[in-house]
Amino acid sequence: MTYFFRPALTAFIILSSYACFANAQTEDKLQFSGFARLIMGYLDDSNAEYAGYDNSISLGEQSLLGLQADYQFSDTISLTSQLVGHTNERRESGLEWLYVTYKPNKAFQVKLGKQRLPFFNYSDSLDVGFAYPWLTLPKQFYETSFFSTFEGLLANYEFPVSVLLINLEGYWGYYDDDIYSPDGGVETKVTGLFGFNTSVTWKNWNARASYNQGNTELTLLSASQFGEQLRQVGFERSADWLDPDGLIQFYQFSVNYEDLNYFLRSEIAKMEGESGPVPDIDSFYVSVGYNFYPYTVYLSYSKRNLYYNHPENEIPFGVSDQLNALAGGYVAVTNGFLDDKSAGTKIGIRWDWRSNVALKAEATHIDADEKISGDFTLRDLGNFDGSAILYQLGLEWVF
């Protein structure tokens, strides 16, 4: 009951909001737009779960409905809000964006408020499947970051230099909300969050590089309490490893090519976590496609290597019962942080049925190590051999 009630309620709230806005519309200052995704998936392995899909047909993992309202106060100042209702219980429905834009000219703009973090090429359109060819963004890459929005200031400046088009962007702010894993939400605060990126466009080529960092506080009560217990008896190094708070740095680089017939899209990223419970992650994807309107076919490969910097156990066994208990507890806790490697190879087709409606079909082969953490996209439900195929059909709509 809850499973079906939640998305239905969210859709009702969004549509009600839309109606209220529509009634209040004055002249052309208030503009509405929206997007919707209806995605069906099936995983061919009963021993695993991938991106929320298991060995049954599901519409509830990626389907969503979004509504965006833009109000133009003047020629230079506007307000943007976006509501998104997710069918996925691990994603919170509600206000996704709310920011004011100051744009004194075509080249420069500043945004203030809740907005998307510009980590990736497709950060702004994560939920708008119509904007990209794939049915599902390469999971091994696009789940490298654990949150996708922030509250703060972002500035963007674009200018030409000879035959090049240069775009510079920087931001500063914070994040204070839950991050979600298959085991539930974790209270998270990120302060001192800032980053900058630059992109260069030449003819059909585009390259982008970005750097981002923030000081992260994770509410991992069991790890923190055990760490304090270790600190009290002098095992500082082990206690420090269990401290979940620390600096996270994120690097990204991409190269893309696109013409009327072909496209090449690629991104590579590295995330480094200072604290023990936050892993380091290396990830990338490469995708090629062929356009023969109204169809597009594509082939994509993505890979992620997630690993923890496990220190040697400094707590001796065999000295006393108390130390045996601490050492055993430390080994049990740290063994829970498993390294995780997986790759995804996908093939798919997109049919632009209407100018604002696309139908997609996609198959993704997942290849993973036999031991996986289960904390991220891929979960071992028991005896998973590391290989599975996710089949998906989808409808993408913008309005």
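Trainee: Why does Glu151 count as partly exposed?

Mentor: Its relative accessibility is 33%. Buried means under 20% relative accessible area, exposed over 50%, and partly exposed in between (1.4 Å probe, protein chains only). Glu151 therefore counts as partly exposed at 33%. The model is predicted, so local features need pLDDT of at least 70 and side-chain atom pairs count only at pLDDT 80 or more, while totals for chains, interfaces and linings use all residues. Residues are numbered from 1 along each chain as its sequence is written, and side-chain values use heavy atoms, with hydrogens and water left out.

Trainee: Which residues form the nonpolar patch on the surface?

Mentor: Leu38, Met40, Tyr42, Ile57, Leu59, Tyr391, Leu393, Leu395, Trp397 and Phe399 form it, with about 920 Å² of accessible area together. Two or more of its residues come from strand E1 (30-43) and likewise from strand E18 (387-398). E18 gives the most, with four residues.

Trainee: Where is Ile57 found, and is Ile57 buried or exposed?

Mentor: Ile57 is found in the loop between strand E2 (48-50) and strand E3 (64-72). Its relative accessible area is 62%, so Ile57 is exposed.

Trainee: What makes Arg37 and Glu396 a salt bridge?

Mentor: A salt bridge is a side-chain nitrogen of Lys or Arg within 4 Å of a carboxyl oxygen of Asp or Glu. The side chains of Arg37 and Glu396 meet at 2.7 Å, N to O. Arg37 lies in strand E1 and Glu396 in strand E18, so the pair ties together parts that are 359 residues apart in sequence.

Trainee: Are Arg37 and Glu396 buried or exposed?

Mentor: Arg37 has 7% relative accessibility, so Arg37 counts as buried. Glu396 has 1%, so Glu396 counts as buried.

Trainee: How many salt bridges does the rule give?

Mentor: The count comes to 15. Among them, Glu236 and Arg231 have their closest N and O atoms 2.8 Å apart, and Arg231 and Asp240 have theirs 3.0 Å apart. The labels follow from the values: Glu236 is partly exposed at 38%, Arg231 is partly exposed at 24%, and Asp240 is partly exposed at 43%. Arg91, Glu96, Arg116 and Asp127 are linked in a network of salt bridges.

Trainee: How do you know that E10 and E11 pair?

Mentor: Two strands pair if DSSP finds at least two bridges between them. Strand E10 (residues 205-218) and strand E11 (residues 246-258) run antiparallel and are joined by 12 bridges. Gln213, for one, has Gln249 in E11 as its bridge partner.

Trainee: What joins E11 to E12?

Mentor: 11 bridges join E11 to strand E12 (residues 262-273), and the two run antiparallel. Gln252 has Ala269 in E12 as its bridge partner. E11 and E12 form a hairpin with three residues between them.

Terms used. Patches are made of residues with over 30% relative accessible area and no salt bridge: like charges are joined within 9 Å, nonpolar side chains (Val, Leu, Ile, Met, Phe, Trp, Tyr) within 5 Å. Accessible areas come from the Shrake-Rupley method with a 1.4 Å probe; for residues, only the protein chains shown count as cover.
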